[in-house]
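Please open the structure in a viewer and keep a selection tool at hand.

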Amino acid sequence: MIQTLIIPSLAFAIALVLSIYILPRMMVVSVKNTWDRKGDELDKQGVRIYQIAGLSVLPIVLLALCASLLIPMVMPWPLAAKSCISMVPRVFSLITGALILYLVGLKFDIHGASLGIRMTAILLASCVFAVSDMSIKNLHGLFGLYEIPMWAAAPLTVFTAFVIIGVFRLLDGFDSLVSAVGLITLLLFIPIVTCSNRITPMLIMAALLGVITPYWVIKTFWKRWEHCSMGNSGSYILGFFVAYVFIVICRGSGGEYKPGAMMVALSVLLFPVLDIVRVLGSRLRDGREVFTQDRNQINNKLYRTGITRYGVAASLAIIPLIFALMTYTLVNLGVAPTLIFVADILLWFVIHWVLNWRIRAYESSSHRLAWNKEYGEEAWNAAVPREVLEKKIRTFGTMGLPSNMVERDAMAFIPDGMTALERGLKRGVDMLISALCIIVFSPLFLLSYILIKMDDGGPAIYSQERIGRFGRPFRIYKYRSMRLDAEAMGPQLSHKGGDDDPRLTKIGRFLRRHHLDELPQLWNVLCGDMAFVGYRPERKFFIDQIMQHDPRYAFLYQIRPGVTSYATLYNGYTDTMEKMLRRLELDLYYLRHRSFWFDIKVLVLTFGSIVFGKKF
C-alpha cells in the first residue's frame, strides 16, 4: 500500500515543480491572432487581451504521468511496478479523450472555433468513458434507482461527463472561477479516492492537483494575474479528468468506497453546477448575452458582501466543504439519497439567500446615499437591480421609465412585492406546471386545432406582438377565434363587442366563451415570456394611449405579464380607456402586494370563474 501511494506522490511532486517553473512564463497573449506583443503593452492601450495559461495543463499532466509510471519500473518496487503496468491501457484511453479536447481548445484559443466543433469535441471525449467500459451502472438509490441497464448506462455516463466538462469550461469564462472550484473539488475527492485501491484516479488527481495548485496561488496572490484565464485548452482538461474521477467514484460506491461516497462527490459538484444554471438563467431571463460579465457570479456576490479578496478565496473553498460535510452527516444518519439530494439543493438556496441578505446590508451602508440621489428612496427599497433601472432609463418612454421620473420628478416608484428568491421560485413553479399542462391537455390542443381548421380552413394559431417584461416585445400565442380580416381596419380591442362580436367564428365563439383560446399561452409561460399570474400584456398601440394618461404603466415592466390577472377578475376585459386606467390601478396594486398566496388566490378565483361560466 505504501509503495502504491508513492506513485501519486511522485506525480504530484513532478507536476508541481514543472508548474512552478512553467506557469509564470506562460503569459501567452492572443489578440486578433497576433502573438508578438506583450500583454502589459496591449493592456495600457486598452485592447482586450486573452492570457492563455491553460496551454501547459495537459503537457505537464502527461509528463508527470509518464515520469511517475516509469520511475517505479526501474526501482525495486514490484508491487508499485505491477500497479503501473495494469493501469497503462486505462491511461491511454483517457489520454485519447483529453487530446481531442486539448486540440479543439487550442484551436479555439488561438484562431477560434465554432460552437458546433466545440460541442462535438466534448461529446466525443465524453463517449470515451462509455467505450472504455467506464459507464455508471448503479445510482445506489438516488431517485429510487439502483442497477441501470446497459442501454441506459452509456447515455447517462456520456451526459454526466458532457455536463461536468461544460460546467468547468463555463467557470473559466465566468471570471475564471475554474481554478478555485477545480482545486477544492480535487481536494475533497482525495479522501474518497484514497479509501480504495484504484491507483489510476489517484495518479491523475495528484498530477492535476500539482498543476492547479500553483496556478490558483499565482492567480489569487499575484494581482498581475488576477484576470488571467485558463482558456479552453486548460478548462476542458480539468473538467474531463474531474468527470473521470467522479464516474470512477460512482462505479465503486457499491463496494470499493464507503457507503454514500457517490452522494458526497455529487454534492461537491452540485454547487458549481447549480450556480452555472443560476447565472445563465438570470442572463437569459433578462435578455442579456450569456457571456456578458455582471455582478451575479458567486465570486462577485461574495465581493459584494464586503469581504476581502482573500476572504472570497476562503469562502469559495468553505462553501463546497459545507456541502460535503452536510451530505456526509446525512449519509451516516441513514437518510435516503434522494432526500440528501433535495437537502443539498435547499442548502444552495439558503446560502444564496444569506449572501443576498448580506449584500443588501453592506450596500445599504456603503452605497445608499449615492443610490438615493440617482434613483430615489423607493427604488432602493424595492431592491431593483441597478442594471435593470439603468436599462429602463436608457430607453425611457413607452419602452421604459417615463420621462418625468428620469428627470427626478416626485413620482413615487412602485416596488415589486416579491423578493428575488420568491421570484425565482415562482418562475420555477410556472415552468413545471406549464410543462405538465401542455402534456395533460395535448388531446384538447389537437381537438381545438382540428375544429378551427375545419371551420374556415385558416391558420389555427394566432400570434401577436405584445410588450412584456423590461419593455421587451414578444409574440403571444392564441387559438384564432376571429375571422382572418378581423383587423383590416386597424388595431382594435379584442373583446370589443363581447361574445356577440361579429368578427368571431363559430368555433371561436365557443373557445372564447370557455377561455380555451388561451391554451397556447402555456407555451409563452414555459418560454418565460409570461407567468400564470401577472398583468395582461397589451400592444404598443394601446400602451402609448395609456401612457399619455398615466405613465405609471411603465412600472409593470418589472414583472412578467400573466395568463390571468387580479385586474381581469374585478375589471374584466377592457374596451374603453376608462376601463384601461381602472385596470392599471388594480395591476399596480397587484405589483406592490403580490406574493405566492396572492397568486394562488387569483388562480383559484380564475378557475372558479371559468367553471361557473362567469364572463370576464
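In which helix does S315 lie? Select S315, and the answer is helix α12, residues 309–332. Before going further, please note that this is a predicted model, in which local features need pLDDT of at least 70 and side-chain atom pairs count only at pLDDT 80 or more, while totals for chains, interfaces and linings use all residues. Residues are numbered from 1 along each chain as its sequence is written, and side-chain values use heavy atoms, with hydrogens and water left out.

**The first stop: S315**

Helices (H or I, at least four residues) and strands (E, at least two) are DSSP runs, numbered from the N terminus. Buried means under 20% relative accessible area, exposed over 50%, and partly exposed in between, with a 1.4 Å probe and protein chains only. S315 counts as buried because its relative accessible area is 18%. Contact means heavy atoms within 4.5 Å. Apart from neighbours within four places in sequence, S315 is in contact with L302, I307 and P320.

**The whole chain**

Of its 616 residues, 50% count as buried. Among contacts with a separation of 6 or more, 71% are between residues 24 or more positions apart.

**The start of the chain**

Select helix α1, residues 2–22, where I22 is placed. I22 has a relative accessible area of 24%, and is therefore partly exposed. Setting aside neighbours within four places in sequence, I22 is in contact with S56 and I60. The C-alpha atoms of I22 and I60 are separated by 8.9 Å, although the two residues are 38 apart along the chain.

**A loop with a positive phi**

Next, select F143 in the loop between α5 (115–131) and α6 (150–173). Most residues other than glycine have a negative phi. F143, however, has a positive phi near 60°.

**The nonpolar cores**

A nonpolar core is a set of buried Ala, Val, Leu, Ile, Met, Phe, Trp, Tyr and Cys residues joined through side-chain atoms within 4.5 Å. Which members of the largest core touch the most other members? They are L101, F129, F189, F240 and F241, out of 105 residues. A second, separate core has 39 residues, including L522, Y535, I543 and V602.

Select F189 from the largest core. Beyond four places in sequence, F189 is in contact with M205, V242, V245, F246, I249, A265, V268 and L269. One of these contacts, I249, lies in helix α9, residues 231–252. I249 counts as buried because its relative accessibility is 0%. The C-alpha atoms of I249 and M263, 14 residues apart along the chain, are separated by 9.6 Å.

**The cavities**

A cavity is a set of points, on a 1 Å grid over the protein atoms alone, where a 1.4 Å probe fits but cannot get out; lining residues have an atom within 4 Å of a point. Two cavities of 30 Å³ or more are found in a search of the whole structure. To find it, select L171, L177, P272, D275 and I298, the closest to its centre of the 11 residues that line it. Helix α10, residues 261–285, supplies the largest share of this lining, with five residues.

**The hairpin**

Move to strand β1 (residues 461–467) and strand β2 (residues 473–479), which pair in the antiparallel sense over seven bridges. Strands pair if DSSP finds at least two bridges between them. I461 stands opposite Y479 in β2, and I467 stands opposite P473 in β2. The two strands form a hairpin with five residues between them, and F470 in the turn has a positive phi of about 65°.

**Helix α21**

Which residues of α21 (residues 540–549) are buried? Select F542, I543, I546 and M547. They lie on the same side of α21 because they cover an arc of only 140° around the axis, the arc being that of the directions from the helix axis to the C-beta atoms. The buried residues of α21 pack against β1 and α23 (577–593).

**The last stop: R594**

Finally, select R594 in the loop between α23 and α24 (596–611). Is R594 buried or exposed? R594 is buried, because its relative accessible area is 5%. Not counting residues up to four places away in sequence, R594 touches D416, G417, M418, R423, K426 and I559.

How values were computed:
On a 1 Å grid over the protein atoms alone, a cavity is a set of points where a 1.4 Å probe fits but cannot get out, and a pocket is an open set with protein on both sides within 12 Å along at least five of seven lines; lining residues have an atom within 4 Å of a point. Grid points are joined across faces, edges and corners, and a volume is the space filled by probe spheres set on the points.
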